[in-house]
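Try each task before reading its solution.

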Amino acid sequence: MNHSDQPEEPPARTNGYNNRASKKPKLSIITESEIREEFRHHQPGVARLNNGSFGSCPTSIIEAQKRWQLRFLAQPDNFVYNHLQPQLLNSRHIIKDLINADHVDEISIVDNATTGAAIVLQHIGWAFAEGRFQKGDAVVMLNCVYQAVKKSIEAYVARAGGSVIVVDLPFPVNSKEEIIDEFRKGLIKGKADGMKIRLAIIDHIASMPCVVIPVREIVQICRVEGVEKVFVDAAHTIGNIHVDVKEVGADFYVSNLHKWFFCPPSVAVLYCRKSPVSSDLHHPVVSHEYGNGLAIESGWTGTRDYSSQLVIPEVLDFINRFEGGIEGIQKRNHEKVVEMGQMLAKSWGTSMGSPPEMCNSMAMVGLPARLKISSVKDALCLRTYLRDHFSVEVPIHFQQPKDGILESSDTEGPVTGFVRISHQVYNTLDDYIKLKNAILQLVKDGVDCKKLRSD
């Protein structure tokens with residue numbers, strides 16, 4: 001290979017965001033046409049209203065990722081032994097500053113929030129298996145906890161003899177106090193039944209239905225009620241809402257970076273506040289670095305593609321091209337998703353699932369009762385129909401009536417279905433108009449989920 005054919009090396013980075021910022025030239029503000037160019041790989045004609053599930057990665061970051069991949073492939077030994085760990089440390093320093101952690105050792109980069117949850121719940125499961133926790137000691141969680149986390153609880157905690165207390169998330173919800181009160185009741189009931197609560201699992205942003213949970217207040221309640229450890233599953237937060245782990249006050253906090261922070265899939269951060277148990281946290285994939293601390297263990301889980309973790313400095317540069325940086329993006333996304341949610345609710349004669357202050361860059365909007373959504377299967381069927389026939393991609397939530405009662409209704413009856421709309425920098429008004437018109441067309445044509453099932 002000629003010298004001119006060598007893959008271009010990514011720019012050198014220093015080990016701290018503040019140092020980097022002082023040495024780099026000021027970036028130009030990104031234009032609308034440049035935003036369109038960054039997401040030109042999105043399938044044309046699709047109203048992409050589901051950034052929340054898989055995120056979105058700009059073209060310039062995909063190209064940066066490819067440069068890292070080629071750098072590894074050009075000389076793997078040199079890259080792994082001399083460059084990989086310093087670059088991962090640089091990414092960890094950036095994340096540390098981003099979420100206001102005290103020390104870089106509290107920051108582990110993992111594949112996704114599911115991996116982070118597995119690390120925490122594996123730790124809890126070992127405590128049951130080794131007799132440090134007693135059979136019947138409990139974990140408390142919201143009923144809306146992500147399905148992968150439920151399965152990790154089943155695999156690690158329930159299997160080892162732990163009990164599970166489930167707190168129902170009020171939805172539709174009118175205020176954060178409703179959620180706080182329900183969680184407090186769950187803790188008090190568990191204690192009244194003689195349970196020692198070893199871990200509370202709290203969503204920061206519930207995935208489905210999507211609601212911002214008052215985690216700081218709930219963490220404080222957990223401390224008062226004697227809950228031993230608190231784990232915040234914040235899969236949707238970084239890049240979506242302001243994150244300050246010291247303000248939240250939890251022992252463990254996990255968030256994806258590929259959902260709202262523009263990283264390529266998949267990459268996440270697991271924050272573990274320094275404590276005497278820190279050394280007992282381990283990555284579930286055991287490799288050469290076992291016993292050297294979770295952050296180091298996570299930085300080498302065997303030969304694999306680490307490029308999604310290495311592009312974090314380039315992602316930060318991309319974000320800082322937007323007016324106001326990450327805070328500006330979050331503010332505009334929040335304002336737009338609320339505006340679009342209110343527009344859709346008005347058009348369909350329904351309402352939003354939560355007040356604006358409990359929305360983030362996603363919002364829940366009630367669907368017309370005439371669609372007759374009566375099960376999770378109906379919701380999936382309607383979602384597939386919107387994708388296949390209207391080129392609209394949007395998740396749909398079925399709200400199970402509690403004690404036969406639903407708090408949301410329109411002129412045709414109870415509202416049992418809600419769309420979860422997202423807003424990211426690439427979305428336009430046309431995306432939401434397309435969804436609005438698709439639903440109105442179905443209602444006009446008398447198409448409901450019963451008919452979709454029969455077809």
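**Exercise 1.** Find which residues His-423 is in contact with, leaving aside its neighbours within four places in sequence.

*Solution.* Keep in mind that this is a predicted model. Start with the place of His-423: the loop between β16 (417-422) and α17 (429-444). Next, set aside the neighbours within four places in sequence; His-423 is then in contact with Trp-260, Asn-333, Lys-336, Val-337, Ser-361 and Tyr-432. Finally, look at the side chains of His-423 and Asn-333, which are joined by a polar contact of 2.9 Å.

**Exercise 2.** Decide whether His-423 is buried or exposed.

*Solution.* The relative accessible area of His-423 is 9%. The cut-off for buried is under 20%. His-423 therefore counts as buried, because its relative accessible area is 9%.

**Exercise 3.** Work out the strand order of the open sheet that contains β16, and how its strands pair.

*Solution.* Three strands make up this open sheet, in the order β11-β16-β13, and the pairing is antiparallel. At the edges are β11 (362-366) and β13 (396-398), each of which pairs on one side only. On average, neighbouring strands of the sheet are turned by 30° against each other, direction ignored. Now take the pair β11 and β16: five bridges join these antiparallel strands. Along this pair, Met-362 stands opposite Ser-422 in β16.

**Exercise 4.** Identify the helix that lies across β11 and β16, and give its angle to β11.

*Solution.* The helix is α15 (residues 325-348). Helix α15 runs at about 5° to β11.

Terms used: Residues numbered from 1 in each chain as written. Predicted model: local features only at pLDDT ≥ 70, side-chain atom pairs only at ≥ 80, totals over all residues. Heavy atoms only, no water. Helix = DSSP H or I, 4+ residues; strand = E, 2+ residues; numbered from the N terminus. Buried < 20%, exposed > 50% of the residue type's maximum accessible area, 1.4 Å probe, protein only. Polar contact = N/O pair within 3.5 Å; in protein donor to acceptor, adjacent residues only side chain to side chain. Contact = heavy atoms within 4.5 Å. Pairing = 2+ DSSP bridges. Axes fitted to C-alpha atoms, helices over the stretch in contact; angles between N-to-C directions.
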